[in-house]
Amino acid sequence: MTSAGREATQSVFHLHLHIVPRQDGDGLALPWHSGKAARIARQAYPNGGTQ
């Protein structure tokens, strides 16, 4: 997995690399998603969209 540039919320451009050890049945679903969409939704709707 890599995180680089504006999309990775970097203020100073650099390469950020994660090395993820794997084993059969480890439960890590790929492709991995950063959760950015969920964070944006929580910021936009801090009460879960309710008043």
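View 1. D26 is partly exposed, at 33% relative accessible area (buried means under 20%, exposed over 50%, and partly exposed in between, with a 1.4 Å probe and protein chains only). R22 is also partly exposed, at 42% relative accessibility. The side chains of R22 and D26 form a salt bridge, with 2.6 Å from N to O. A salt bridge here is a side-chain nitrogen of Lys or Arg within 4 Å of a carboxyl oxygen of Asp or Glu. Side chains of opposite charge can pair when their charged atoms come close. The structure holds one salt bridge.

This is a predicted model, in which local features need pLDDT of at least 70, side-chain atom pairs count only at pLDDT 80 or more, and totals for chains, interfaces and linings use all residues. Residues are numbered from 1 along each chain as its sequence is written, and side-chain values use heavy atoms, leaving out hydrogens and water.

**View 2. A nonpolar surface patch.** L15, L17 and I19 make a nonpolar patch of about 380 Å² (its residues have over 30% relative accessible area and no salt bridge, and nonpolar side chains, namely Val, Leu, Ile, Met, Phe, Trp and Tyr, are joined within 5 Å; like charges are joined within 9 Å). Areas come from the Shrake-Rupley method with a 1.4 Å probe; for residues, only the protein chains shown count as cover. I19 is exposed, at 76% relative accessible area.

**View 3. E7 and K36.** E7 is exposed, at 61% relative accessibility. The C-alpha atoms of E7 and K36 are separated by 9.3 Å, although these residues are 29 residues apart along the chain.
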